[in-house]
Amino acid sequence: MAEWYREASDAIRGDMEALSDSIFSHPELGYEEFLSSQEHADVLRRYGFVVEKPYMGLETGYRATFDSGRPGPRVCYMAEYDALPGVGHGCGHNMLGTVSVAAGIILSKKLAECGGSVVVLGTPAEETSGAKVKYAREGAFDDCDVAIVNHPCIG
């Protein structure tokens with residue numbers, strides 16, 4: 001693993017563990033993720049991202065951007081954070097959203113060298129209607145070169 005990546009990961013580990021733990025402890029259903037989306041936005045602001053919240057008419061949606069000011073690709077990481085009724089974070093969205101936040105922050109540390117920008121897109125209500133569909137229809141990804149979402153699997 002590249003040393004810069006390990007150093008960047010280690011530097012944010014405590015903040016990411018706190019974010020994931022807090023969201024796990026306060027599960028919120030789709031379009032009710034007020035605490036979760038705010039915590040994501042607050043962490044991203046602390047790391048230099050410009051945050052638009054609410055986003056595209058969704059109170060619990062956000063778009064956080066870090067721009068190097070140099071030409072290059074725009075990478076989008078999609079962050080999920082909703083919970084299941086009666087289950088909580090059975091699908092691990094407390095971790096999924098946190099991993100996307102972490103990936104965005106880590107990539108932002110490399111942009112001064114390589115150019116481009118990174119977007120972390122808070123995508124509420126994945127377990128119900130999925131804000132990604134609304135975002136796609138309304139052009140949220142039009143200025144992105146790639147959009148990435150992560151999900152664990154047992155295999």
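**Helix packing and sheet order in the predicted model**

Setting aside residues up to four places away in sequence, His40 touches Leu19, Ile23, Tyr62, Ala79, Glu80, Tyr81, Gly97, Thr98 and Val101, where contact means heavy atoms within 4.5 Å. The model is a predicted one, in which local features need pLDDT of at least 70 and side-chain atom pairs count only at pLDDT 80 or more, whereas totals for chains, interfaces and linings use all residues. Residues are numbered from 1 along each chain as its sequence is written, and side-chain values use heavy atoms, with hydrogens and water left out.

His40 belongs to helix 2; helices (H or I, at least four residues) and strands (E, at least two) are DSSP runs, numbered from the N terminus. With a relative accessible area of 0%, His40 is buried, a term that stands for under 20% relative accessible area, with exposed being over 50% and partly exposed in between (1.4 Å probe, protein chains only). Val43 is also found in helix 2 and is buried at a relative accessible area of 5%. When neighbours within four places in sequence are left aside, Val43 is in contact with Met16, Leu19, Val101 and Ile105. Val43 and Asp15, which are 28 residues apart in sequence, are 7.7 Å apart in space, C-alpha to C-alpha.

The packing of helix 2 against helix 1 can be described next. Helix 1 (residues 3-25) and helix 2 (residues 34-46) pack at an angle of about 170 degrees, and their axes are 10 Å apart; axes are lines fitted to C-alpha atoms, for helices over the stretch in contact, and angles run from 0 to 180 degrees between N-to-C directions. Helix 1 is therefore roughly antiparallel to helix 2, given that angles under 35 degrees count as roughly parallel, over 145 as roughly antiparallel, 65 to 115 as roughly perpendicular and the rest as oblique. To this contact helix 1 brings Asp15, Met16, Leu19, Ser22 and Ile23, and helix 2 brings Ser36, Glu39, His40, Val43 and Arg46. By class, the residues of the contact of helix 1 with helix 2 divide into four nonpolar, three polar and three charged, where Ala, Val, Leu, Ile, Met, Phe, Trp, Tyr, Cys and Pro count as nonpolar, Asp, Glu, Lys and Arg as charged, and the others, Gly among them, as polar.

Helix 2 also packs against helix 3, their axes coming within 11 Å and crossing at roughly 15 degrees, so that helix 2 and helix 3 are roughly parallel to each other. The crossing of helix 2 and helix 3 is right-handed; a crossing is left-handed if the near helix is turned anticlockwise from the far one by less than a right angle, and right-handed if clockwise. His40, Val43 and Leu44 of helix 2 and Gly97, Thr98, Val101 and Ile105 of helix 3 make the contact, which comprises four nonpolar, three polar and no charged residues.

Helix 1 and helix 3 pack at an angle of about 150 degrees with their axes 9 Å apart, and are therefore roughly antiparallel to each other; their crossing is right-handed. Trp4, Tyr5, Ala8, Ser9, Ile12, Met16, Leu19, Ser20, Ile23 and Phe24 in helix 1 meet Asn94, Met95, Thr98, Val101, Ala102, Ile105 and Ile106 in helix 3. The residues of the contact of helix 1 with helix 3 divide into 13 nonpolar, four polar and no charged. Ser20, a residue of helix 1, counts as buried at 10% relative accessibility and touches Asn94, Met95 and Thr98, not counting residues up to four places away in sequence.

Five strands form an open sheet of mixed pairing in the order 1-2-4-3-5, two strands being paired if DSSP finds at least two bridges between them. Strand 1 (50-52) and strand 5 (146-148) are the edge strands, each pairing on one side only, and neighbouring strands of this sheet are turned by 20 degrees against each other on average, direction ignored. Strand 1 and strand 2 pair in the antiparallel sense over three bridges, with Thr65 in strand 2 as the bridge partner of Val50. Strand 2 (residues 62-67) and strand 4 (residues 117-122) likewise pair in the antiparallel sense, over six bridges; Thr65 stands opposite Val119 in strand 4, and Phe66 stands opposite Val118 in strand 4.

Helix 2 lies across strand 1, strand 2, strand 3 (74-79) and strand 4, running at about 10 degrees to strand 2. Helix 3 (residues 93-108) lies across strand 2, strand 3 and strand 4, running at about 155 degrees to strand 3.
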